[in-house]
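Trainee: Could you take me through one part of this model closely, namely the place where the ligand sits, and then relate it to the rest of the protein?

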Amino acid sequence: MRAASTTTTTSTSTSSAGAATVAPTEPVTGGLGDSPLRPDGALKVQGRFAFSSDDRVDAMLHGATLRSPHAAARIVRIDIAPALAITGVRAVLTASDVPGTLTYGLIDDDQPVLADGVVRYQGEPVALVAADHPETARRALGSIVVEWEPLPVVADPDDVIAGTARELHPRGNVFRRQDVACGDQELVGEVRVEGTYEIGMQDQAFLGLEAALGIPDPDGAGVELFVATQWLHEDRKQLSACLGLAPERVRLTLSGVGGAFGGREDLSLQVHTALLALHTRRPVRMQYTREESFFGHVHRHPATIWMRHHADRDGTLRRVEARMVFDGGAYASTSHAVLFNAITHAQGPYRCLNATVEGWAVRTNNPPCGAMRGFGVVQACFAHESQMDRLAEACGLDPVEVRLRNAMVTGDRLITGQVVDSVAPVERCIRETVALPMPPDGPGGDAADPRLLPGGVGLTTDAAHVRRGVGFGVSIKNLMYSEGFDDYSTARCRLADGVATLKFATAEVGQGFVTLAQQIARTRLGVSDVVLEPIDTSIDSSGSTSASRQTWMSGGAVDAACRAVRSRLLDAVAQRHSIEVEALEIVGTDVVSADGSLRVPVTEASAGLVIDESAHYRHRPTVEPDAQGQGDSHVAFAFVAHRAVVDVDPELGLVRVVQIATAQDVGVALNPLSVRGQIEGGIAQGLGLAVMEEIVVRDGIIRNPSFTDYLLPTALDAPEVVVSLVEEYEPLAARGQGSRRAAVHIGNTGDRCRDPQRDRAPDRPYAGATPGHLRMTTGPRLHLWEVVVDCAEPAVLAAFYAGLCGCEPHRFDDEWYWIEPASRGGGVADAGGPRIAFQRVPEPKVGKVRLHLDLGTDDLEGAVRRAVSLGAGRLGDPVTDAAGSFVVLADPEGHEFCVVTE
Amino acid sequence: MGWDAGDIVATMSVTSPDSLDAALAALADNPAAHVLAGGTDMMVELNFGRRSPAPVVSVGRIPELRGIDVDRSARFVRLGAAVTFSEFLASEAASQAPALAQAARTVGSLQIRNAGTFGGNLATCSPAGDTLPVLVALSATVELASRDGRRRVPVEEFMVGPKRSALKPGEIVAGVTVPIIDGWQGFATVGTRNAMVIAVCNAALVVDRHDRSVRLAMGSVGPTILRAPEAESVAARMLFGAEPTSARADLLVEFERRASAAVSPIDDQRSTADYRRHAVGVIARRLLDRASREMP
Ligand SMILES: Cc1cc2nc3c(=O)[nH]c(=O)nc-3n(C[C@H](O)[C@H](O)[C@H](O)COP(=O)(O)OP(=O)(O)OC[C@H]3O[C@@H](n4cnc5c(N)ncnc54)[C@H](O)[C@@H]3O)c2cc1C
């Protein structure tokens, strides 16, 4: 693996070589291996997190999309005049208003920004409206007259393969036809099992609906977009092409993302929002409803997979045959890559030297499909694991035994000819899964609680009708982008006065990268304060938040930038103390020399310095496969085993999943809590696909575009999850610095990202966690950030005011505490209200305060009683004036404040 | 944060009368107005644009519609139309109509049960409405009121088709009267998910010891709630006849067969006609099985 390369260097160093003070080493908290809490966690649970749909600016317009009701039709005529005639409608756009490329796409740009004469799926965007009010926009959509000429709907991929379907697109009906062939193509095993498996279309069902806010530049030749997405720079590339603008005139900032799972990899409303903003020269906000969201993003490919496994009588796998047909829907999206993942994972995590795999990804008039968590491997896994069960049965083996017998190990060759040279703890995953505790005997426990039976409180079943089953599934999944893609990530680290600041464009979609980045900086630099700059396109790309790649790639970039900063810090210390730099290292929060003679806290060592470094990180190169699917096309792999305990009502086909036990090859769990969170979330989503989630499509029409009938697992459907983390260090680590392989599922999280520059306008922890209203301003933005109370005992005062206001006191250090009380309108500090901070000062209070706090309440006497019980002094009786009533009190340090009626 | 109300719907006028007469007058004056109770059906319709934001008469504050009365001597429970499922479940009426309580318990989530009402479930008249088969099996009576007077209609006659009821313009559901049964009653539903799911099919079984009758009502398997007289007679024979215990298993199977034969389900995105026909028979049989084992 290639070492990360450091590319930029700027520094201004000054002054103050402090004398070395030897102090005991403080361990870093919140570093790698810890589980600091994620900054968005509490906000999301409390409903206070600002999703992109919460972004607002003054005087913005509301965009809306007219969509095709037909799965296939010609547009004979569009009349937008009635819409334009409606008061409050500011723009109505059709395909002819697209200034740049008329189409876009991640791999093949075959998808129209707006339908140009023909629609190929139900819900395809046809026209856009911007209006003063969302309801006006909606009415305007209804007044646009479209004359349709319906076309025959191609809904069956087999018609495409058979060549009987009409041509759906000038670029053809087949997205990809790819085989994988290796070894003996004629081999016939002693035992053969075969089956055909169908996987339904799954929705990502992220809770944060698609939303964007576009703000045009004053000259109308550029646009700024706040959007929830997975890859800012790819969005920018496609956007600028469609808008006919230079990439630098299209600036994107990540807004609060409420889940992604692949569904935000393709553009949805980005171009539309920007087009409307540029046309109207006004800020434009767009947001999909839940129903529209089903039409607005790509889904997991439905697939039909036939497989035949050949084995020796003892269960040893000899050859896999497979035919995989993926229905890509109307446009290409990532079908090309999804199919490749599926066919190259046909063997599963098992040794198998001979394979014959035929893969098809085809175009139909069904909803477009693309990336979704698992990316093709899920479909393959369902098929190969069902086959392993059949094989076990045919050979008279236990399902676990047949899997163990064939488990892949490091050094084995995949059916693509690629050698698995990374850790492959398949056997260990299986054995650890089997060893995890089983749930108590069932079914239904003692059956007193109907919620423990299939059907729950619907009282569908009695315990006597239920059978308990146990199933196993093992899988292999590639990490990162494949097939020769030049993938990299970028990060920048600045260290000044003991505070590290990180900048990257890595989309935080809930996986926890922002926390992980801080953990890396804390461990590498021995600092506790790590500030995260907004996630935007003002720095080079970090690549996509997908393919299990960000912990490794952007983690690698942050790590490389931090290491570069560290080495310059050590240089400076070495110079200052005339010590060999090789003798220095950072231990805990100190710079120490090997012989122990020097020990300087990092805060002190970095005082007066500004060290600024950027880094790009790349993984090892991969190649495009040949016609037989051969080549080192994947970067690395992760493995997992699952055991499912399921109570089944066979007569009705209803189930309750009682427990999932899993051992997962996570590399090194950099944030164990976050890894577990990702595992549990992945299991819930997998369970959904297995037992209830499916977009039902008939003749190209979605029958259930709402959560009424697209069923997601509820808390009662979610099983107990028991997890074992299999942590085996990457043997490749020796090949290059920084090639630490991290969890497939590492999310992470963080918190404690505070603004160290207390006197500055907001320096947000990170854009994604920053609720608040975006405002258009020119020049510096200033707003009330916090009110600082000088005092003798910050801890005491913070506790007092927190108790009074019903919030939590936060400690930065002994000298500095703060609280985030609810503010006018019920918001909290980071939702726009100021916080109150308490800082220790040596001088005492003199005279009456000249600036005081008014705390609003609807229960004046109750509030006064609470204040007194918390240690306040009452300084007078209620006074009523024109504005309401108030009582003057003194806090425990004698600062006057008032409780007022609102 | 979140939605501004103005983002979703245009302004609509809402009156919130505090007496039944005032509500009936408001409806009579404004024939286009919608009655609003908990809004758990209506807001969904509005959000999907299936209903225009017309004037609304909210009935949630009308005392006459909020009462829960249990009359043990006359042997009935009366629920005001605006009584929520949660209110009913917390009241002593729940123990007097246990199958209705089982059905109410399956409606949506706690939030939906806190808002959704019996009147709304009746007026929506969905074939999948969870309280409806129970009300039919219990031979409940719906009270309807308009400015012109009141009338009482058996639930079976109130439902005239899928999402179609006997409500006339200007009329509202005032309440529903449910007999207290001496015997056994139970409810069961089938859904693809273990909570918060629209019924693929559901059924209620009531065994009335008083007149030695059995009533089976099934939902989501036809345009309205369906009874199965032929199955009911088999059940009555099994429970009240002189059949030997050895015949029990055969009678259960026969009951299931006749229940399945009595329905006319459709294919839709939730399920297929074949599965519904099969599943409703299975839960009907299980209900009868429970009755035969649990009946005092
Ligand atoms: C998430 C969710 C889950 C649900 N789950 C279930 C479920 O499991 N089972 C189930 O049966 N239902 C379910 N429902 C549907 C709904 O909650 C019920 O039908 C409920 O009983 C409706 O009552 P409401 O008071 O909210 O009616 P509203 O929405 O207020 O009104 C519904 C209709 O009835 C009319 N109406 C209301 N009250 C009266 C009255 N007194 N007189 C005349 N007309 C009236 C209204 O005009 C409207 O047409 C669910 C709904 C949601 C949103």
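**The ligand site and its surroundings**

Mentor: In chain B, the domain assignment gives domain 1 (14–58), domain 2 (63–179) and domain 3 (185–294), the bounds being taken from an automatic or database domain assignment. This is a predicted model, in which local features need pLDDT of at least 70 and side-chain atom pairs count only at pLDDT 80 or more, while totals for chains, interfaces and linings use all residues. Residues are numbered from 1 along each chain as its sequence is written, chains are lettered from A and ligands numbered from 1 in the order in which they are written, and side-chain values use heavy atoms, with hydrogens and water left out.

The C-alpha centres of domain 2 of chain B and domain 3 of chain B are 22 Å apart, and their contact (heavy atoms within 4.5 Å) takes 26 residues from domain 2 of chain B and 20 residues from domain 3 of chain B. The shell around the ligand, for its part, draws at least three residues from each of domain 1 and domain 2 of chain B.

That shell holds 29 residues, and the closest are B:V35, B:G38, B:T40, B:D41 and B:T117; a residue is counted as near when one of its heavy atoms lies within 4 Å of the molecule or strand in question. At least two residues of the shell are supplied by each of strand 2 (34–36), helix 3 (42–47), helix 8 (118–124) and strand 10 (172–179) of chain B, where helices (H or I, at least four residues) and strands (E, at least two) are DSSP runs numbered from the N terminus. Helix 8 of chain B gives the largest share, 5 residues. Sorted by class, the shell has 14 nonpolar, 12 polar and 3 charged residues, with Ala, Val, Leu, Ile, Met, Phe, Trp, Tyr, Cys and Pro counted as nonpolar, Asp, Glu, Lys and Arg as charged, and the others, Gly among them, as polar.

Turning to individual atoms, an N or O atom in the side chain of B:T40 lies 2.5 Å from an oxygen atom of the ligand, and a backbone N or O atom of B:A37 lies 2.7 Å from an oxygen atom of the ligand. A polar backbone atom of B:T106 is 3.5 Å from an oxygen atom of the ligand. Of the 970 Å² of accessible area that the ligand has on its own, the protein covers 87%, as computed by the Shrake-Rupley method with a 1.4 Å probe.

Elsewhere in chain B, the loop between strand 4 (68–71) and strand 5 (76–80) contains B:R75, a residue other than glycine whose phi is positive, near 60°. B:R75 counts as partly exposed because its relative accessibility is 39%, the classes being buried under 20%, exposed over 50% and partly exposed in between (1.4 Å probe, protein chains only).

In chain A, A:M480 also has a positive phi, about 75°, although it is not a glycine, and it lies in the loop between strand 19 (467–479) and strand 20 (488–496) of chain A. A:M480 counts as buried because its relative accessibility is 2%. As background to both residues, most residues other than glycine have a negative phi.

A:M286, in strand 15 (residues 284–287) of chain A, is buried because its relative accessibility is 1%. A:M286 and A:H62 are 224 residues apart in sequence, yet 6.0 Å apart in space, C-alpha to C-alpha.

Notes:
Polar contact = N/O pair within 3.5 Å; in protein donor to acceptor, adjacent residues only side chain to side chain.
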